[in-house]
Amino acid sequence: MYGMINQAVEQLVRKVAGEAGWHAVRERAGLPDTPFTTMAKYPDDVTYRLVEASSAVLEIPPSDVLVAFGEEWVQFTLQQGYGALFLMSGSNLPEFLENLGRLHTHVAAGFPGLHPPVFWSTDPTNSSIRVHYKSNRIGLAPMCVGLLRGLGKFFATEVRVTHDKRSADGADHDEFLVEYQLEVEYLHER
Amino acid sequence: MSHEEWVPASLLDELFPFHFSFDGTGRVIRVGPALGRIRPEVTPGASATELLRLQLPARPLTVDLGAESAPSLLVVETAQGGLWLRGQFVPLPLDATLFVGTPWFNDMAEMQALGITFDDLPPHTAQASSLFLMRSSQVAVEDSRRLSDQLRAANLQLRTVLETAAEGRA
């Protein structure tokens, strides 16, 4: 994975547990005291180790670390200057989510060798949409819950995310029901 | 054959949402949906030569542009709003010409200011992807700068420690 993923994990841990917490996580993950480089590629194992170490140091389940990381990821990408690209993908949450798959295809063009997850959405209504996620990386699906919550914050929209189909339980892919409240009727605005 | 029969209008709209065509009198015939939304003054019947300028090469906008034997890359700018379009002209029957192209921009802020979204950029164009490529290149440069600053600070700290140690020994 690209270094920016690991940088975002580091940013999350520093926010929650400070400098000492980050050093504890880094040491537990067996990583050297050197900064991650945004555009360098790291083995996936580094990220998995960071998640496991964060779980142990922060004393929360790995799935909760991933949810928190998903939310942090939205913040992190905004800090990296990708906010304008978010807005070009949609002016509200459901519109953005309908374009999420296309967005990831474009992202892949900016990051050679990237193997991004596949997103697509179905069943849009004025109050909900179903988001589908498929990745060749195992166990990261809880991150989507945080990601969807983070996007709700970005679009100033209250959301409720239900992870109701799980690849971990044998499903072909993961599905998330995203319920939201919009001031306009989304289907009429399309 | 009319202009409309030359290629289905809906297909033209989908593939080239920033297209426009005009006839020998300089009047606009058709306008793509994205161009029409962003620059509503560019509308059928309006004067193409007043509303659109050929910037590269800097020469008058004329109907014979599409008929030139060696089509080349051209850049057109809207007289209002500063929308730059790069593309090419192709001849149409009945003394008319068609421009097909895409917006030309330096960064995503320009596109955002113009009100262009990814929906306006057909998948066959590389523009949306190039926006991510541009941003990730900028991020890499900023990252190198940050790492360089960290290295400089560490060097300074090390030098201070060494000097202090040397003074202690003296």
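This is a predicted model: local features need pLDDT of at least 70, side-chain atom pairs count only at pLDDT 80 or more; totals for chains, interfaces and linings use all residues.
1. Helices here are DSSP runs of H or I with at least four residues, numbered from the N terminus. By that assignment A:Ser54 lies in helix 2 of chain A.

2. Helix 2 of chain A covers residues 44–58, which is 15 residues. After helix 2 of chain A comes A:Glu59, with a positive phi near 55°.

3. The buried residues in helix 2 of chain A include A:Val46, A:Thr47, A:Leu50 and A:Val51, together with A:Ala53, A:Ser54 and A:Ser55. Their packing partners are helix 1 (3–28) and helix 3 (62–79) of chain A. An α-helix has 3.6 residues a turn, so residues three or four places apart point the same way.

4. Leaving aside residues up to four places away in sequence, A:Ser54 touches A:Val9, A:Val13, A:Val25, A:Glu59 and A:Val65.

5. Helix 1 and helix 2 of chain A have axes that come within 10 Å and cross at roughly 50°. The pair is therefore oblique. The crossing of helix 1 and helix 2 of chain A is left-handed. From helix 1 of chain A the contact draws on residues including A:Ile5, A:Val9, A:Val13, A:Trp22 and A:Arg28; from helix 2 of chain A, A:Leu50, A:Ala53, A:Ser54 and A:Leu58 are among them. By class, this contact of helix 1 with helix 2 of chain A has 14 nonpolar, four polar and one charged residue.

6. Helix 1 also packs on helix 3 of chain A, at an angle of about 110° and with the axes 9 Å apart. That angle makes helix 1 of chain A roughly perpendicular to helix 3 of chain A. Among the residues that meet are A:Met4, A:Ile5, A:Val9, A:Leu12 and A:Lys15 in helix 1 of chain A, and A:Val65, A:Phe69, A:Trp73 and A:Phe76 in helix 3 of chain A. The contact of helix 1 with helix 3 of chain A divides into ten nonpolar, three polar and two charged residues.

7. Helix 3 of chain A further meets helix 7 (residues 142–154) of chain A, their axes coming within 6 Å and crossing at roughly 40°. These two helices of chain A are therefore oblique to each other. Helix 3 of chain A passes helix 7 of chain A in a right-handed crossing. Contributors include A:Leu66, A:Phe69, A:Gly70, A:Trp73 and A:Leu78 of helix 3 of chain A, with A:Met143, A:Gly146, A:Leu147, A:Gly150 and A:Phe154 of helix 7 of chain A. By class, the contact of helix 3 with helix 7 of chain A has twelve nonpolar, four polar and three charged residues.

8. A:Gly18 sits in helix 1 of chain A. With a relative accessible area of 24%, A:Gly18 is partly exposed. A:Gly18 and A:Phe36 are 18 residues apart in sequence and, C-alpha to C-alpha, 17 Å apart in space.

9. In chain B, helix 6 runs over residues 127–169, a total of 43 residues. Buried residues in helix 6 of chain B include B:Gln127, B:Leu131, B:Phe132, B:Arg135, B:Val139 and B:Asp143.

Conventions
Residues are numbered from 1 along each chain as its sequence is written. Chains are lettered from A and ligands numbered from 1 in the order in which they are written. Side-chain values use heavy atoms; hydrogens and water are left out. The expected span of a helix is 1.5 Å times one less than its number of residues. Buried means under 20% relative accessible area, exposed over 50%, partly exposed in between (1.4 Å probe, protein chains only). Contact means heavy atoms within 4.5 Å. Axes are lines fitted to C-alpha atoms, for helices over the stretch in contact, and angles run from 0 to 180 degrees between N-to-C directions. Angles under 35 degrees count as roughly parallel, over 145 as roughly antiparallel, 65 to 115 as roughly perpendicular and the rest as oblique. A crossing is left-handed if the near helix is turned anticlockwise from the far one by less than a right angle, and right-handed if clockwise. Ala, Val, Leu, Ile, Met, Phe, Trp, Tyr, Cys and Pro count as nonpolar, Asp, Glu, Lys and Arg as charged, and the others, Gly among them, as polar.
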